Structures are given as structure tokens and as C-alpha cells.
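Me: Could you take a close look at one part of this protein for me, the sheet, and walk me through it step by step?

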Amino acid sequence: MAQTRSSFFDDDLALLSLLANQTAVVLENRRLFEEVHGLNRTLERNVSELRALNDELGAFAYSVSHDLRAPLRSIDGFSQILLEDKGAVLGDDGRNHLDRVRAAAGRMGSLIDDMLLLSRLTRDEMTPRNVDLTGLARSVVDDLRAREPRRQVEFKSNGALAARCDERLLRIALTNLLANSWKFTRQREPAHISFGGDTRDGEAVFFVKDDGVGFDIRYADKLFGAFQRLHNDSEFEGTGIGLATVQRIVHRHGGRVWAESEVGKGSTFYFTLPPAEASEAGT
Ligand SMILES: Nc1ncnc2c1ncn2[C@@H]1O[C@H](COP(=O)(O)OP(=O)(O)OP(=O)(O)O)[C@@H](O)[C@H]1O
Ligand SMILES: [Mg+2]
């Protein structure tokens, strides 16, 4: 009898301990689930706050650039009137100063244009589809060649490389990268520029490479900030908005952009994009 009771207890104990273990697992799962749920809610809140902040900043940049135009037009307009009406009285020095005021107003105008363009890039809707980037690069180089037909530039590209992106934005990005290569190879004849890419680990990686003047690689990250330049205006013209534009476009597509360079040897700029989708191949 004692024997039966003991084995009865043993079975009960085993069952109870199994139940207790399973309850513990269920409780732990429940706790983890709530923790993940809580983290998700915080993340969603942060994302929507960031989105709102980003929209606000975009709207701010847009209206600042717009509102700066009116006083700028006055500065330019009245300087011109002064030059025309009182030019003789002002003498050479006075006229020279007014010319400088007008040139500065003109420069500020193009900075505003660039800022407007940059802020529009983050606000405009995107239409992603499969785009042949090699074809796009070739057509950008054709445009550059048409503008400076005397330059001797050998351009090479491999195959037809596609990615899933907004064609209009990618044309702007490639124009900036290729125009840089075109500009910073000015002292080389013939100059070599190439465009290529590959699909690696589920993303499309592209590059624009040149054998131009290059730059000090220590400043590579800085270059992607607005108005950051490593070469002065007298040597190579520009405002320093090109790479900031490229970075913004690539980031909007969820990609990365970086550079490699050696002074005197040339530069390579890389960027990644989502790969083309098979169902839409051939577009
Ligand atoms: N291919 C390149 N070779 C050498 N330096 C480069 C190259 N591309 C960019 N850089 C350096 O990075 C700087 C920033 O480039 P970015 O395109 O932003 O401006 P920019 O070409 O000077 O002016 P903008 O593009 O506004 O006309 C350049 O001024 C130059 O110093
Ligand atoms: Mg540029």
C-alpha cells in the first residue's frame, strides 16, 4: 500500500514539476513578448517623431530659401539702379564696390538655388522602378561631352547594370558624380572615367572612377556635407553641393555612399542601391 502511494506521489510530483516548468516558460515568453511589444511601440514613436522633425526641417529650409530671395532681389536691383543713375558720380571705386555687391548677391542666389534643390530632394515623391544605370551614365557623359567637345575623355562602362530606384533622382546623382570626374580630370589628356557595378549580398554596388587630381582621403567623409570643398574656386569652380546631393539621393533609397582616393592618382566614388526586381527585368 505504502509502495503504491509513494509511486502515485512520484508521478504527481513529476507532472507538477513539468507543469511548473511549462508555466515558467509561458510566463517568460509572455514577459519577453511584452518587452518586445513595448520596444516596438517606443521605436514607432521615435520614428514618427523623427519623421515629423524631418518634415519640419525640410519645410523650414524651403521657406528660408524662399524668403531670402526677396531681400536679395532688392539688393541686386537697387545696386543696379544706383550704378545706372549715379555711376558717373560714384567714380571707379564706387562702381567697383557696387559690382562686388552685385556679384556677392549673385553668388548668394545660386547658394539659395542649391539649398532649394537639396531640400526638394527629400520632399518630392519617389517612383522606384528598375533602371539601367549604365545607360543613364552613358547619356550623362554624352551631355558632358557635348558641353566640352574639345576635352579628351575615354569613358568605359560594363554591361547593362540595373537597380531599383527613382530614375530622375539617379540621373541627378550620376550627373553630379560624373561631372566631378569630368572636372577633376581637367589636367589629364586623355582622361579616363569609368562606371561599373555588381550585385553583392543582395544589394547593387556601383562606382564612378577617374584618374584625376584626387584628394586627401582623411577628408573623405566631410566631402558629403553641404558646401564642403577641398579645392579652391580659382582652380576648380563649384559650390560644394554635388556630393551632398548624391548622399541624400542614395540615403533616400536606403543605400550607402563612400569614396576612395589618392592625391594625383584619381578617385573612386561608390554607392549602393536596392537591386533590380526580377519580375520587372529588362526595364
Ligand atoms: N572626382 C573627384 N576628384 C577629386 N576631388 C573630388 C572629386 N569629387 C569631389 N571631389 C572633392 O569634393 C569636393 C566636393 O564635391 P562636390 O561635388 O560636393 O562640390 P563641387 O564639385 O566642388 O561643387 P558643385 O558640385 O556644387 O558644383 C570637391 O570640391 C572636391 O574637392
Ligand atoms: Mg560637384
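Reply: Happy to! In this predicted model, 5 strands form an open sheet with mixed pairing, and their order is β2-β4-β5-β7-β6. Start at the edges, where you will find β2 (153–157) and β6 (257–262). Each of these has a single partner strand, so one side of each is left without a neighbour in the sheet. If you follow the sheet across, the twist from one strand to the next averages 15°.

Now stay with β2 for a moment. Its pairing with strand β4 (residues 191–200) is parallel and runs over 5 bridges. To find one place where the two strands meet, look for valine 153: its bridge partner in β4 is alanine 191. As background, the strands of a sheet pair through backbone hydrogen bonds, either parallel or antiparallel.

Next, look for the helix that packs on the sheet: this is helix α2 (residues 133–147). Helix α2 touches β2, β4, β5 (203–210) and β7 (266–273). The direction of helix α2 makes about 170° with that of β2.

Finally, let's step back to the whole chain. The domain assignment divides the protein chain into domain 1 (1–123) and domain 2 (129–280). Taken over C-alpha atoms, the centres of domain 1 and domain 2 are separated by 26 Å. Where the domains touch, 8 residues of domain 1 are in contact with 11 residues of domain 2.

Methods
Residues numbered from 1 in each chain as written. Chains lettered and ligands numbered in written order. Predicted model: local features only at pLDDT ≥ 70, side-chain atom pairs only at ≥ 80, totals over all residues. Heavy atoms only, no water. Pairing = 2+ DSSP bridges. Helix = DSSP H or I, 4+ residues; strand = E, 2+ residues; numbered from the N terminus. Axes fitted to C-alpha atoms, helices over the stretch in contact; angles between N-to-C directions. Contact = heavy atoms within 4.5 Å. Domains from an automatic or database assignment.
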